[in-house]
Amino acid sequence: MPPQSDPRTPPPGLQSRLPRVGTNIFTVMSQLATEHGAVNMGQGFPDFDTPRPLVDALARAMRDGHNQYAPAHGLPVLREAIADKTLDCYGHRPDPDTEVTVTSGGSEAILDAVMAVVHPGEEVILLDPCYDCYEPAVEMAGGTAVHVPLDPETFAPDWEKVRAAVTPRTRMLVINSPHNPSGAVLDADDIRQLESLLADTGILLLSDEVYEHITYDGRRHESVLRHPALRERAFVVSSFGKTYHCTGWKVGYCVAPPALTAELRKVHQYNTFCTFTPAQLAFAAMIRDEPGHYRGLGAFYQPMRDRFRAQLEGTRFRPLPVHGGYFQLADYSAVSDLDDAAFCRELAVEHGVAAIPLSPFYRNPPAGQRLVRLCFAKNQSTMDAAIERLEKL
């Protein structure tokens, strides 16, 4: 029998647009969790219910016949609600007609923004570790990703290193706060340094703020939308899935000044064109009728964070600080000398807990780093089950 070719190998003459990309780590670890009955603390989704008023509003919209295409940029009622919510949170009301675009999740908004403004040969600065969809978007646009490492313990940016990475070819800088995977949060001093760095340049800013409402211990989320000098050059991306515990609905949005919004919408209309209509009506109702939900999201998650951290203290894992988002990094140096990918596989297969290794979030992971990412947006019973298994290591 002739040798079988690898079905993942491109046929002769076909050059992959993303030659370094395979199945992402979230899919790999979730599949391992399913195959081996592991508690899935890896992929970032809540395992508790979506708010009942939101579910009722979605069902009502579908029953009332709102099941066809929405306008490409989003239903006017939702864009108005987003503008009002932005004013409530950040003291700035974007124009809902020219500055707000509803997208099929935050990831779509990120891709649209990069594809809209980055051209072949231009550079985009990424701060490592960073979410895995950033670099493929840059590569598909023909740009070059320039990686600048964050502090390996605090995950704070070194703005001098960022400044040193700027060249005449730099088109965009990508920031993410609260930060995935670390939970670090940019503060007012970071914003001042960012403003200074970008002043008198043509560099655009992509601010991934999908965990914007999940901050802890009284910290304020320093949205780019609070700061005129930044928002005039920025795409600011948000996620309803993260805010309302419904990641499977895949609805997000982007706020940007009119000229940038016009370019983003050109890409959006040929990417997804529009987004799930009944969900848009449901989110508009939720923003209007239940503002306490997004205002109180940090207080909702903080007890989960505190309890999970306290439980980890009873294991051989060392939890790092978490100031925002719903992920906990844990150092496993006292448990194993395996690299993080091998350790996470062993953890899922042999010990029944699925975690995410940190190395896939880097171009060049720090040597000897022993960190995994765990999601604490889980029911108490899920976290208890995971801790019971981790305590045995």
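**Ground rules**

I number residues from 1 along each chain as its sequence is written, and side-chain values use heavy atoms, with hydrogens and water left out. Since this is a predicted model, local features need pLDDT of at least 70 and side-chain atom pairs count only at pLDDT 80 or more, while totals for chains, interfaces and linings use all residues.

**Entry: salt bridges**

I searched the whole structure for salt bridges (a side-chain nitrogen of Lys or Arg within 4 Å of a carboxyl oxygen of Asp or Glu). The search gave 22 of them.

I looked up Glu123 and Arg169, whose closest N and O atoms are 3.1 Å apart in a salt bridge. This pair links distant parts of the chain, 46 residues apart. Glu123 is in strand β3 (residues 123-128), and Arg169 is in the loop between α6 (159-165) and β5 (170-176). For these labels, helices (H or I, at least four residues) and strands (E, at least two) are DSSP runs, numbered from the N terminus.

I then checked burial. I call a residue buried under 20% relative accessible area, exposed over 50%, and partly exposed in between (1.4 Å probe, protein chains only). Glu123 is buried at 10% relative accessibility, whereas Arg169, at 46%, is partly exposed.

Next I took Arg318 and Asp331, which meet through their side chains in a salt bridge of 3.2 Å, N to O. Arg318 lies in strand β9 (residues 318-319) and Asp331 in strand β10 (residues 327-331), so this bridge ties together parts that are 13 residues apart in sequence. Here Arg318 is partly exposed at 39% relative accessibility, and Asp331 is buried at 14%.

I also noted Arg305 and Asp306, a salt bridge with its closest N and O atoms 2.8 Å apart. Arg305 has 6% relative accessibility and counts as buried; Asp306 has 35% and is partly exposed.

Finally, I recorded a network of salt bridges that links Arg20, Glu135, Glu139 and Arg363.

**Entry: cysteines**

How many disulfides (pairs of cysteine sulfur atoms within 2.5 Å) does the count come to? The count is 0.

I looked at Cys89, which is in no disulfide: its nearest cysteine sulfur belongs to Cys254 and is 16 Å away. Cys89 is buried, at 19% relative accessibility.

I have Cys344 down as buried, with 0% relative accessibility.

Terms used. A disulfide is a pair of cysteine sulfur atoms within 2.5 Å.
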